[in-house]
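Please look over the sequence and the three-dimensional structure shown below.

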Amino acid sequence: MESKNLDHPPLIALLRKAYSAERAASFAYIGHAGSLKDPEEKAHVKQIELDEWNHRDEVLKILQTYKIPVSRWYEWKFYAIGKFIGLSCYVIGRFMPYFFAGKLESGNVCEYFVMMQYFQSLGIHDHDEALYEMGVKEKEHEIHFQKSIENEPWLPLFEKIFGWGKDKALNDVDLDALLKVDESASYCASRRTLTTLPVKDDAEGNIDPEN
Ligand SMILES: [Fe+2]
Ligand SMILES: [Fe+2]
């Protein structure tokens, strides 16, 4: 492993994946905003795109702090995914881009809380605020998308099939009863277990938790 300073492979894998996935999200939102007609909706999705670019910058700062290299594999993979989703927004109507963006955001919320908790398990609290704020921001994105489609007739069926919607979320964060930074270690306990699965180093030192 390249980093001599951060001895936590699942955390390193999460950081590298998040860095690349944030760009995919930004690309997807460029397409999403471009496909919308309502100026207010367009502007809101544009702001979310900017938030994702900011997240990528924040994650890069953390990667650089520990001399963790960006994953070339993730950069290519998420570049392609982001561009594909961005283009698809022009052909799949209004509902699906909102729905799948909301579901994706719902999953992303815990990514940042889990990273924060992994750092804390190493006794590192330098990134608490930044990671907490990113997790909360993803929650705000999720709620925006949820509200944008809450009255759509397709939502109940999609919620049943894909497990996200008006009543189901992929995280336990509640914006109306938000825990403070130093209380937020209780968030996302189930996701923490999932992301502690062993990860594998490839020949180039790129860590892929999916392998
Ligand atoms: Fe983000
Ligand atoms: Fe987001």
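The protein chain holds seven helices and two strands, where helices (H or I, at least four residues) and strands (E, at least two) are DSSP runs numbered from the N terminus. This is a predicted model, in which local features need pLDDT of at least 70 and side-chain atom pairs count only at pLDDT 80 or more, while totals for chains, interfaces and linings use all residues. Residues are numbered from 1 along each chain as its sequence is written, and chains are lettered from A and ligands numbered from 1 in the order in which they are written.

**Overall fold**
- Along the sequence, the elements follow the pattern α-α-α-α-α-α-α-β-β.
- Of the 211 residues, 40% count as buried, that is, with 20 or more other C-beta atoms, placed from the backbone, within 10 Å of their own.

**Helix pair H1 and H2**
- The axes (lines fitted to C-alpha atoms over the stretch in contact) of H1 (residues 9–35) and H2 (residues 39–65) come within 8 Å and cross at roughly 165 degrees.
- H1 is therefore roughly antiparallel to H2, a term for angles over 145 degrees.

Note on methods: Axes are lines fitted to C-alpha atoms, for helices over the stretch in contact, and angles run from 0 to 180 degrees between N-to-C directions. Angles under 35 degrees count as roughly parallel, over 145 as roughly antiparallel, 65 to 115 as roughly perpendicular and the rest as oblique. A residue is buried if 20 or more other C-beta atoms lie within 10 Å of its own, exposed if 12 or fewer, and partly exposed in between; C-beta atoms are placed from the backbone.
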